[in-house]
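Take a look at the aromatic side chains in the model below. Where do they sit, and what do they meet?

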Amino acid sequence: MNHIIALAGNPNCGKTTLFNALTGSSQRVGNWPGVTIDKKVGRIKGTDSELVDLPGIYSLSPYSPEEIVTRNFIVGEKPDALINIVDATNIERNLYLSLQLIDMGIPMVIALNMMDEVEKRGDKIDIDVLSKGLGVPIIPISAAKKENIDGLVEKIMEVADSHQLPIPASYEDSLEEVAAAAEKVLRGKVPTDNMRFYAFKLIEDDQLVNEVVPGARESIKEDIQRLETEHDDSADSIIANSRYDKITGLVQKAVTHAPRLEKGTLSDRIDRYVTNKYLGIPIFIAIIAFVYFLAMFDSPDWSSPGAWATGVLNDAFANFSAGVADWCASEGVNEILTSLLTDGIMSGVGAVLGFLPQIIVMFACLNILEEIGYMARVAFVMDRIFRYFNLSGKSFIPLLVGTGCGVPGVMSSRTIESECDRRITAMTVTFMPCSAKLPVISAIAGALAGNMWVAVYAYFMGIVLVIMSGIILKKFQRLSGDPAPFIMELPPYHAPKVMSIIKGIWERCWAFIKNAMTVVLLATVVIWVLSHFDFAFHYLDPNTQMDDSILSALAGAIAYLFMPLGWGDNWELTAATITGFMAKEDIVATLGVLLLGDTEASISSISAALADLLGNGAAIMSFFSFNIFCAPCVAAVTAIHRELGSWKSTGLTLLYHTLLSYSVALFVYVIYGTLDGTYIEPYVYVLAVASAALLIYLLVAKDPFRQKSRKVSE
């Protein structure tokens, strides 16, 4: 028979791994919570049934978007059966959701995952005792090793075919009496199969249930008050405690733990250092610096693996482009077409694709850190800092995702319960340097004589700007509010899976390549046309006449806006900045076309040309600061609009990004230039002081925007 099977479980319990094992799909797997955001659908291998992978949740309370997605699907779509995946190494936490799912009155099988880890620890779980106590079939599995997957498929098909309902857990008499009263009130108003679930949610004063059955809770108000008086606690806490008491008693009967070392497990011992209040941040900084060192460090004496491979690939592109140019010359190909092909397309796209080795090295390192479980610790460590500035540590998870690409980074903000935190995170994720910005980082590092700390500056200044933005944006009425509670399971460390790492690298690099062959290719052609023709559409000599081009006129018209940042009247830099709004990789591609105009657009030559054009480190870092933090690319803008829901909010977000990045670039130019002995015009100092004063006011003023909003409303 054809069935719709839903897969539900806590975050980081192996749900996506099981989904891949059951369907043969290749969804991204990560060793930290928040990987699955939307529900995904696949067909279970060997059957005609569909499997729906629901977002990872801790409960069915409507506190976050993913919990609402899961709950609405189970209640509204009514799947034929549920697979509840439970992490056997953290069984007490996971079974809380299981008891709620059992109350839904839907055929269900528990997939007890990570049994290989349980055996490795020397623990034992009596499956029969656990199954009998929960009133639902339990199949022990290892999703990562694909152990007993066939047994799970066989059991879920059997349960779905026979419509075998789970047996709900029973609690103490006083709670059961109130539940019976709630069911009586709800009868005929909610689906019969979900009656017990709705009854407990009504007692908990669940907002969504109150909307479905308005006034129902008033009918049992006296029963609830009597229950709360008897237990001297709120109704929702009474239900939660009753469930945990049930779980604790059952686990004591079914689970036998092997003796533990007093010093704890290996994960515990490592966590004493990496999550330490004082050592956590320095360790994180050191690890990220080492990652960028492996990917990007380049000097005359020694190059990192990523930088060395990038140099080799760039040389290959240059030789190939030169060969194509020679062939075109020998075959009498039109000069304009030859220039478009070699100086435009190959030079621009090749300059971007040349960074692929560095991207591979960086994402290999980041994927390994994610796989072993370190990234979850980073979010935990950063919560201490973020909460101090009235943000949740959960905001750091989208920032980590955003280092790969801003689009999924923005989308992963959905995992944050608080609406204001969710919106602020979506607005600020793109301050983080994504893979598309790596070519820019590498080019600037080369222009500053191989200074690898440029990458570290980009990463941590992005975090600083997010924190500053949290302080400023929280002062707007619509974005005010306390941060959401930070609840996250820290997964045990484990060896990274080679195929998962390869898959992650491939997905991210393929996205980078597709972008280079589409958006960057289009932008490169447009830039070549604008830079090689004048307004009369006469072809210009790229070596002597480019100053008369259309691009020169357009960029030159706004180049004066960037003169306080030390860019001078160099229209080439403004043109590169403009094209960067289409895709950040275009900045390097544009510089290759405009500054060099030939097929030798390697990273070293672009860096050297940029250094010659600007002449000092202060201006180079200013150019870098503006372009790395300003308004994101078109794809990320679309994602921001999708999350914020209006173009007005999206436009204000882009304006905010641009103004803040301009201020940062101004401060960097003034401070760096002053320390470096670079001459800076007096008016630039005045502008910098005025900008600093405004920024300090926005950071320290007590609610300027909310007070203004209240006055307007009065």
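The paragraphs below go through ring pairs, charges over rings and a surface patch. The model is predicted.

Start with the rings. The whole structure holds 16 aromatic pairs. One of them joins phenylalanine 533 and tyrosine 539. Is phenylalanine 533 buried or exposed? Phenylalanine 533 counts as buried, because its relative accessibility is 8% and the cut-off for buried is under 20%. Tyrosine 539 has 22% relative accessibility, so it counts as partly exposed.

Tryptophan 567 and phenylalanine 626 make another edge-to-face pair. Tryptophan 567 belongs to the loop between α25 (550–558) and α26 (571–580), while phenylalanine 626 is in helix α29 (residues 617–629). The pair therefore ties together parts 59 residues apart in sequence. Both residues are buried. They also belong to a cluster: ring pairs link them with Phe562, Phe623 and Tyr662.

Next, a charge over rings. Arginine 243 places its charged end over the ring of tyrosine 96, 5.7 Å from the ring centre. Arginine 243 also lies over the face of phenylalanine 200, at 5.4 Å from that ring's centre.

Finally, the surface. Which residues make the nonpolar surface patch of about 390 Å²? They are Tyr273, Tyr278 and Leu279. Tyrosine 278 is found in the loop between α13 (266–274) and α14 (280–296). Tyrosine 278 counts as exposed because its relative accessible area is 64%, and exposed means over 50%.

Methods:
Residues are numbered from 1 along each chain as its sequence is written. This is a predicted model: local features need pLDDT of at least 70, side-chain atom pairs count only at pLDDT 80 or more; totals for chains, interfaces and linings use all residues. Side-chain values use heavy atoms; hydrogens and water are left out. Patches are made of residues with over 30% relative accessible area and no salt bridge: like charges are joined within 9 Å, nonpolar side chains (Val, Leu, Ile, Met, Phe, Trp, Tyr) within 5 Å. Accessible areas come from the Shrake-Rupley method with a 1.4 Å probe; for residues, only the protein chains shown count as cover. A salt bridge is a side-chain nitrogen of Lys or Arg within 4 Å of a carboxyl oxygen of Asp or Glu. Helices (H or I, at least four residues) and strands (E, at least two) are DSSP runs, numbered from the N terminus. Buried means under 20% relative accessible area, exposed over 50%, partly exposed in between (1.4 Å probe, protein chains only). Rings of Phe, Tyr and Trp (its six-membered ring) pair if their centres lie within 6.5 Å; planes under 30 degrees apart count as stacked, over 60 as edge-to-face and the rest as tilted. A charge sits over a ring if NZ of Lys or CZ of Arg is within 6 Å of the ring centre and within 35 degrees of the ring normal.
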